[in-house]
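Dear colleague,

Please find below the structure I am handing over to you.

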Amino acid sequence: MTSIVQGFSKSLAMTVLSEIGDKTFFAAAILAMRHPRKLVLLGCLAALIVMTILSAVVGWAAPNLISRKWTHHITTLLFFGFGLWSLWDAFMENGEAEELAEVEAKLDADWKANPGTFKGGNKADDDSKKERRPFLTQFFSPIFLKAFSITFFGEWGDKSQLATIGLAADENPFGVVLGGILGQAVCTTAAVLGGKSLASQISEKIVALSGGVLFIVFGIQSLLSTES
């Protein structure tokens, strides 16, 4: 039980500090401004849950392919590496503005390329149409699929995904999955409900600094457990 709680708490803290102000956070906020929030939230959450489970499965399987001693050492190096990476990002100027502008530009390009599918002016009509649809058919809507694909591929190879793999290799994978899913749900819901105004008010520097310190603390804890 203790290992589950430890994996849960580590995963929850790591996910929240990694995802707030991330590209997928901004993407969810911008999508929610132009499309029905329920579909955007469902699409983003579905992608993040699938990614979290896949990452935890890879981390859980790693000690069966490589010795647990080596996976522990690799995880320790990952924690230190991600900590330094986050601290470096924290001192990069205009990181938040550039990331938000990059996401906006990418989504605007997609909307211009598909004006019929992603029209921003009929949100009320979209909401009324979705209410008349059976719940399951909403999973096949273009908006749900768009939110899912943007989030899933945006997270692929991201720092949070690699950290989840490393954490699942070193902690209880069930606790890691629960903590990761809860953290993703909190961040994504905040992005969808708060919209771009909330996203633009978040201090990327403070979040990156906090995440960097947290990763380094995890690395030190992992290093000390190796020596003991």
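The notes below cover confidence, helix packing and the salt bridge.

The mean pLDDT of the chain is 76, and 72% of the residues score at least 70. Confidence is highest in helix H3 (residues 37-65), where the mean is 88, and lowest in helix H6 (residues 123-132), where the mean is 48. Over residues 116-131 pLDDT stays under 50; the model has 21 contacts beyond four places in sequence for that stretch. Where pLDDT is low, the predicted coordinates should not be read in detail.

On the H1 side the contact is made by Gly7, Lys10, Ser11, Met14, Ser18 and Glu19; H8 contributes Ser160, Ala163, Thr164 and Leu167. By class, the contact of H1 with H8 has 3 nonpolar, 5 polar and 2 charged residues.

Helix H8 also packs against H3. The axes of H3 and H8 come within 7 Å and cross at roughly 45°, and the two helices are therefore oblique to each other. Their crossing is right-handed. From H3, the contact involves Met51, Thr52, Ser55, Ala56, Val58, Gly59, Trp60 and Pro63; from H8, it involves Gln161, Thr164, Ile165, Ala168 and Ala169. The residues of the contact of H3 with H8 comprise 8 nonpolar and 5 polar, with no charged residue.

The remaining pair is helix H2 (residues 23-34) with helix H7 (residues 142-155), which pack at about 165° with their axes 10 Å apart. H2 and H7 are therefore roughly antiparallel to each other, and H2 passes H7 in a right-handed crossing. Thr24, Ala27 and Leu31 of H2 meet Ala147, Ile150, Thr151, Gly154 and Glu155 of H7. The residues in the contact of H2 with H7 divide into 4 nonpolar, 3 polar and 1 charged.

How many salt bridges does a search of the whole structure find? The search finds 1. It is formed by the side chains of Glu171 and Lys10, at 3.0 Å from N to O. Glu171 lies in the loop between helix H8 (159-170) and helix H9 (173-201), and Lys10 in helix H1 (residues 2-19), so the pair ties together parts that are 161 residues apart in sequence. Lys10 is also one of the H1 residues in the contact with H8.

With kind regards

Technical notes. Residues are numbered from 1 along each chain as its sequence is written. This is a predicted model: local features need pLDDT of at least 70, side-chain atom pairs count only at pLDDT 80 or more; totals for chains, interfaces and linings use all residues. Side-chain values use heavy atoms; hydrogens and water are left out. Axes are lines fitted to C-alpha atoms, for helices over the stretch in contact, and angles run from 0 to 180 degrees between N-to-C directions. Helices (H or I, at least four residues) and strands (E, at least two) are DSSP runs, numbered from the N terminus. Angles under 35 degrees count as roughly parallel, over 145 as roughly antiparallel, 65 to 115 as roughly perpendicular and the rest as oblique. A crossing is left-handed if the near helix is turned anticlockwise from the far one by less than a right angle, and right-handed if clockwise. Contact means heavy atoms within 4.5 Å. Ala, Val, Leu, Ile, Met, Phe, Trp, Tyr, Cys and Pro count as nonpolar, Asp, Glu, Lys and Arg as charged, and the others, Gly among them, as polar. pLDDT is the predictor's confidence in each residue, from 0 to 100. A salt bridge is a side-chain nitrogen of Lys or Arg within 4 Å of a carboxyl oxygen of Asp or Glu.
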